[in-house]
Each structure stands twice: as C-alpha cells, then as structure tokens.
Amino acid sequence: MTVFTWSSIEKILSDAECLPPLFANGSAITVGNFDGMHIGHAVLFDMVRSASSARSLASGAVTFNQSFGAFKADNAYGGDISTLNQRLELFEKNGMLFAIVIDFSAEFGKIDGSNFLSMLRTCCRMNYIAEGVDFRCGHRGAYGRNEIAQFARENGIAAEFAAPVLCNGERVSSSLIRSLIQRGDLFAAEKMLGRNYALDCAHVSWTQCSSMLLCSREHIVQVLPPEGMYAVALATPETRMRARLYVESRHLRLEASSENAHGIRTIEFMPN
C-alpha cells in the first residue's frame with residue numbers, strides 16, 4: 001500500500017505532471033477518522049473494493065494523523081482507540097492500494113467541503129466516494145450527504161452512502177467503542193470492532209521490575225480499560241504468547257520475561 005502525506009498531495013495539486021501512475025484510471029475512496037476501525041467502517045471498505053473492481057479504479061482511504069477527539073480533548077475522551085500505524089495496517093488488510101494521511105491543522109480546518117472534494121478529484125482523480133449517511137466534511141462540517149451527492153452529480157462522480165450498522169441493537173460508532181473500553185466491556189467492544197482490542201506497543205519502553213515488565217501510562221496514547229488484571233496476548237516479531245496485564249493508576253505491569261521487553265509489538269486483550 002502506498003501512503004501519501006498531505007504535502008505530497010499539495011505537490012500533485014500544483015503540478016499535474018506529478019500525478020502518480022497509480023491514479024491513471026482514477027480512484028475510489030472513503031474519507032474518515034477511522035479511529036478504531038469497526039464493522040461499520042468495514043461496510044465502507046467493501047463498497048470501495050466493489051467499485052474499484054467494477055471500474056478498474058485504485059482503492060484508497062483518506063484519513064488523519066490523529067483522531068479528531070484529541071483536538072476536542074476533554075476529561076471523557078481517554079485516548080484514541082487505534083494508532084495511525086494500526087489504521088494503516090487495517091487499510092491494507094481491507095484491500096486499499098493507497099492511503100492519504102492529512103496532518104490536521106487550523107489552516108486545513110478552514111477548507112470548505114467543495115474545495116476539499118475538488119482537491120481529491122484533482123490529486124487522485126476521484127471517480128467514486130463511499131461515506132456513511134451522517135458523514136460531514138469541510139469547514140465546521142458544513143458539507144454533508146446532500147452537499148456531497150450534489151457535488152458528485154455535478155462532477156461525474158459516483159457517490160454511495162452506507163446506512164448505520166447496528167450491533168446488539170446499538171449503533172456502532174468509535175465513541176461508543178471508546179466508552180465500552182473505558183467501562184471494561186471488552187467483549188462488546190470486540191463485537192463492534194470485529195477483532196480484539198489491541199494496544200500498539202511498538203514504541204513503548206518497558207523496564208524490568210522484579211518479575212514484571214513495567215511502563216508508564218503516559219507512554220500509552222490509546223484508551224485503557226479500568227484498573228485491574230486482564231488476560232492478554234503479546235505479539236513480537238517472532239512469536240505470540242499469553243500473559244497477564246495489570247492496569248494501574250500510574251503504570252502498566254506485564255507478566256513477561258525481560259527477553260521480550262524490547263520485542264513487544266502489540267498487547268491484545270482476550271475478553272473470551
């Protein structure tokens with residue numbers, strides 16, 4: 001999968017000769033935060049893959065380097081559900097050939113929806129877009145389903161909108177999943193995510209403390225469940241093993257040998 005930064009997209013916008021061959025036949029995309037990619041997002045990726053296959057388009061996702069929740073941070077937020085690296089891995093697993101990562105800023109937030117979609121139409125020859133019915137973009141979220149559909153009609157772009165996905169009678173959303181994790185309902189979170197919740201530990205430093213590995217909670221940017229002991233699976237480049245994780249007020253403690261301290265890539269909660 002090819003990853004484009006917004007600065008590389010701006011180069012394409014300023015010089016059409018920079019258009020990558022990947023976009024020669026056009027592209028099918030979906031735009032969103034995708035924090036904690038869940039079964040609702042999976043519907044959008046299915047739509048993008050189907051359109052890409054039917055129209056010989058490059059399939060891709062447009063996302064942001066950090067969840068919007070971090071910009072609106074309040075005491076209830078608690079952290080992201082997934083890191084950018086996790087999201088990019090899931091994009092690729094879902095058949096995306098490219099991803100555009102936007103470094104959100106106050107300046108970018110001033111771009112209106114029409115200009116934003118025009119940029120995508122120019123930089124990657126967008127021919128198809130799939131979004132949820134409540135998706136909004138542009139300055140102050142002024143561009144919703146009706147505005148996007150009108151833009152698509154006027155510019156010869158196919159647009160489709162997915163209905164909300166329900167799980168156990170509740171509408172699936174990243175904010176609900178975050179709340180479930182904070183409450184410790186990892187089983188319900190797993191059902192909505194379509195996979196076990198996992199912490200990205202690729203850049204986390206662990207220190208040996210007696211028979212435990214220890215790290216500060218400050219090193220974890222993702223939302224954590226309540227304090228307590230959890231059954232987890234550790235993934236290293238070479239192996240996967242079961243362990244116990246203790247979430248404490250200031251630290252995470254992990255029952256694992258010191259030889260794994262520098263090789264832990266993810267900690268996956270095992271609610272079952």
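Which residue forms a salt bridge with Asp46? It's Arg49, with the closest N and O atoms 2.2 Å apart.

## Ground rules

This is a predicted model: local features need pLDDT of at least 70, side-chain atom pairs count only at pLDDT 80 or more, and totals for chains, interfaces and linings use all residues. Residues are numbered from 1 along each chain as its sequence is written, and side-chain values use heavy atoms, leaving out hydrogens and water.

## Salt bridges

Searching the whole structure turns up 6 salt bridges (a side-chain nitrogen of Lys or Arg within 4 Å of a carboxyl oxygen of Asp or Glu). Asp46 and Arg49 both sit in helix H2, 3 residues apart, about one turn of the helix. Helices (H or I, at least four residues) and strands (E, at least two) are DSSP runs, numbered from the N terminus.

Arg178 and Asp35 also pair up, at 2.4 Å, N to O. This one links distant parts of the chain, with Arg178 in helix H6 and Asp35 in the loop between strand E2 and H2, 143 residues apart. Arg178 counts as buried because its relative accessibility is 8%, and Asp35 is buried at 3% (buried is under 20% relative accessible area, exposed over 50%, partly exposed in between; 1.4 Å probe, protein chains only). Asp46, at 37%, is partly exposed, and so is Arg49, at 32%.

## Around helix H3

In helix H3 (residues 84-93), Gln86, Arg87, Leu88, Leu90 and Phe91 are buried. These buried residues pack against several elements, including strand E1 and helix H2 (contact means heavy atoms within 4.5 Å). Just after H3, Gly95 takes a positive phi of about 85°.
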